Amino acid sequence: MKKVLALFIVLSLFLTGCWDKKEINELAFVQGIGMDIDKDKMCNITVQVLKPANLATSSGGGGGGAAAGKPYEVYSSRGVDFAKAFSNFNTELSRTLFLHHNEIIFIGENLARSGIYSMLDFITRNPEFRRTSYLVVVSGGTLDDLMKLSKSVEKYPYKEILGMIQNQKNTSSAYVCDINHFVETLETEKVQPIVGRLEIVKKDGKPQHARFVGAAAFKYDKMVGLLTEEQTKGIMWMDNLIKNTSLVLDKGPKGDRTHISFTIIKANSSITPKVNGEDVSFDVKINFDSNMIEQNSMYNLTDLKMIGSLEDLQQQKVKSEVLDALNAIQKKYKVDSVGLGQKLQEKYPKVWGKLKDRWDEIYPNVKVNVSVKATLKRSGLTSKPIQPR
Amino acid sequence: MDRTYLIENYKDMSLYDDIDKNLDVLKTLLKQNSDVIFREFRIGEKKVKGFLVCVDGLVDKALINNNIMEPITLESRKLDDSYLSKKNVYESLLNYFITTADIKEEEKFGSVVESILDGDTPVFVDGVDKSIIISTKGWEQRNVSESTTEAVVRGPKEAFVETLRVNTSMLRRRIKNPNFIIESLKVGKYTKTDVAVAYIKDVAKDEVVEKVKKRLNKIDIDGIIDSGYLEELIEDNPFSPFPQIEHSERPDKIAAELLEGRVAIISDGSPEVLVVPTIFVQFFQSSEDYYERYYISTLFRVLRLAAMLMSLTLPSIYVAAVTYHQEMIPSPLAISIAAQREGVPFTTLMEAFLMEFFFEILREAGIRLPMQVGQAVSIVGALVIGQAAVQAGLVSAATVIVVALTGIASFSIPAFNIAITFRLLRFAMLIIGGTLGFFGIIMALMMILAHLASLESFGVPYLSPIAPGNTRELNDVFIRIPWWVKIFRPHKVAGRNVKRQNYTRG
């Protein structure tokens, strides 16, 4: 009897399973999904679906190559909300959309300006979206333009853009934000998110390639404005996000117009709130080490004074970037993107308790003192510049 | 005399003092056999009747001629009657004439017949109800040759042969200690196979030795042809797919295991010697591990364990990932697999199952065929299955790679018997992986693990020293510590004498 029972238990294991079986070649791999809304407030989804057979390098031995067509196809769909738009894809696709391998979510500028809350709800609710997917605001063109970029080292635009983003992330020259980070920021008191920005570059009205520079400043789920490359860097300096990036001076120590490039090898920053009665101010301290990589003039780096003045110039440059950024977010867009309020809350919770309801009014006028300390570490292989005689 | 009566009763019959009666009984029992030789002779001046019986082919003829027949027939005539009166001729034979060392006396027909069939030669003399049994074993046998199934690069090359005595001698030559004991018994009603139980007293646990002897004595089978019979008859859990008794044809390995306190069971007619108690990790230890540098041995052990896991789970993980968990495959790989599977008519499970199936057929065919043909088979198999099937779009290249990797992984497990267990379980895993996904694979692995943990081999838990854990003994599981720090024998295995050496280096 026991054995029969055990047999049934074992057999019952085999009754489950199979129901969610999907052969890998029956899936439509989505790499690159974009969401936007149009004039009629209808939700649009654009997806780039891969055609694996056209992608494989070695399929059919030598016969492939030129004969293989485009490795991807772009589909768009409309609906009253994103879920409806998404399910509408079923009407025109033979395979099931498979989103697990997607790592970037493109947000159209219209959607960003009118608020991405509904999209955020859709993508965080659906397990197929990776929470580590990058969020990117697309400016300078439509999503359709983006999906059809022609200039690419990679086989399809998505891969090109992903490479771009990861590159920028490694060199910390543009702001990279993923779903997790966005949601986290949104749920932190009085801190406003920033999202990376992809700018489509057109030539003769046709989208050609994209640049991943700058960022978009959000107030809650709505985009309030675009930040330039320098402003974004300024924010990243304050956020302690700079790891290695380049720094270009456009004037020399003697005030001459020249270009001197450095690469940052190590950087850290801190924001310290200061409270003086009702008066709140912040100290931003930035330290970084750099190496020289190029100069157009012939400054001699064996001269200690010269090093000192180059460090000085670097400090000025970084400071101006930071101030530029502060100007944009504090005065122009009035969003606390670097989380000054949060720093205050951490250090002076009581003061914060009193101020937090009025923070939106206080913030634009808060004083921020920026001090930068640069150290020039190495000059590359040449210490004395090459001297033509 | 009536043959049927004799067959039933000869075992307990005592020898007669009348030589004709003895001859009559033996002739009735054995005369039909064309290979049995009866040689009658007269001893000395008094012409005392005598005879000997031996089996042609089992005996060393030169030994019989020179050391038995010659003294009895020629030398005896040079002596006077005092030695060769009818009364004391038997004593004289025993004490002076027969010039071989290994002789004994028997009084029962049973043991006489047994010794004849064993290759010994009994000599009968008129008027005595006893017989002198002279050990004259000497048959054609395979020479001691290099081990074929457990080849090593470094280490002794010789392997056991089919003759028990040769095998015990190889062990005795390695362990020269009076405490090294080789007890023997006979198993099998018809085959009367000699089975020797070898152990080092005090190093081996007495309970284990007793248990081995008890289980061997309980066997009531008509014949033992190979030690594999014994293994199945005495192992703890006969229903388990896992072997619970290790076997080896390498005397160095068996000697080393005797030194660890294990008990060897040597069966005549089989070059494979059994060792108990056996633990799981033993199957992943090659004797070479202990001869090569310990860093390398450690690496190889980890490698083998990885290969074991691969050979068990790789196809199932592949199938489960491709049909259920596509999100777990890195994107470029997923796309590449999808591209390869484009146009393949089978489901991934079916595909993998078929490939595994063909691979097993190929392997089986390769083993059975003569060497020259075997090579042709593997070439055809590799070409047909590997190349043509992929090009024809019948299977995807990824599946072929997975199956091939699995095959190679299973070959890298040193013990063939556990490798085939994993081969068997692999098919079950494959089906579970293809129907239940990763969930099923984990469930199946847990079941296998639970089963392994429940096994025991002669009182020693199968998974020890991992579970139940013993951190000190883990030094010979995943790693191999150098000999100069290997101070203790495995506690669970060894008896009273646990210490191997004091901490010294030459």
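## A first look at chain B and its contact with chain A

The contact between the chains takes 21 residues from chain B and 22 residues from chain A, where two residues count as in contact if their C-beta atoms, placed from the backbone, lie within 7 Å. This is a predicted model, so local features need pLDDT of at least 70 and side-chain atom pairs count only at pLDDT 80 or more, while totals for chains, interfaces and linings use all residues. Residues are numbered from 1 along each chain as its sequence is written, and chains are lettered from A and ligands numbered from 1 in the order in which they are written.

**The side of chain B that touches chain A**

- Helices H11 (294–323), H12 (331–341) and H16 (416–454) of chain B each supply at least two residues to this side; helices (H or I, at least four residues) and strands (E, at least two) are DSSP runs, numbered from the N terminus.
- H12(B) gives the most, with nine residues.
- By class, this side has eight nonpolar, ten polar and three charged residues (Ala, Val, Leu, Ile, Met, Phe, Trp, Tyr, Cys and Pro count as nonpolar, Asp, Glu, Lys and Arg as charged, and the others, Gly among them, as polar).

**A five-stranded sheet**

- Chain B has an open sheet of five strands in the order E6-E7-E9-E10-E8, with antiparallel pairing; two strands pair if DSSP finds at least two bridges between them.
- Strands E6 (180–187) and E8 (246–248) of chain B stand at the edges with a single partner strand each, so one side of each is left without a neighbour in the sheet.
- E8(B) pairs with strand E10 (residues 273–276) of chain B over three bridges, in the antiparallel sense.
- B:Ser248 has B:Val273, in E10(B), as its bridge partner.

**Domains of chain B**

- The domain assignment gives domain 1 (3–134), domain 2 (164–278) and domain 3 (292–460); these bounds come from an automatic or database domain assignment.
- The C-alpha centres of domain 2 and domain 3 of chain B lie 34 Å apart.
- In chain B, 14 residues of domain 2 are in contact with 13 residues of domain 3.
- H8(B) gives the most to the domain 2 side of that contact, with three residues.

**Confidence**

- Chain B averages a pLDDT of 89, and 100% of the residues score at least 70; pLDDT is the predictor's confidence in each residue, from 0 to 100.
- Among the elements of chain B, helix H4 (residues 81–84) has the lowest mean pLDDT (70) and E9(B) the highest (96).
- The model scores ipTM 0.83 and pTM 0.86.
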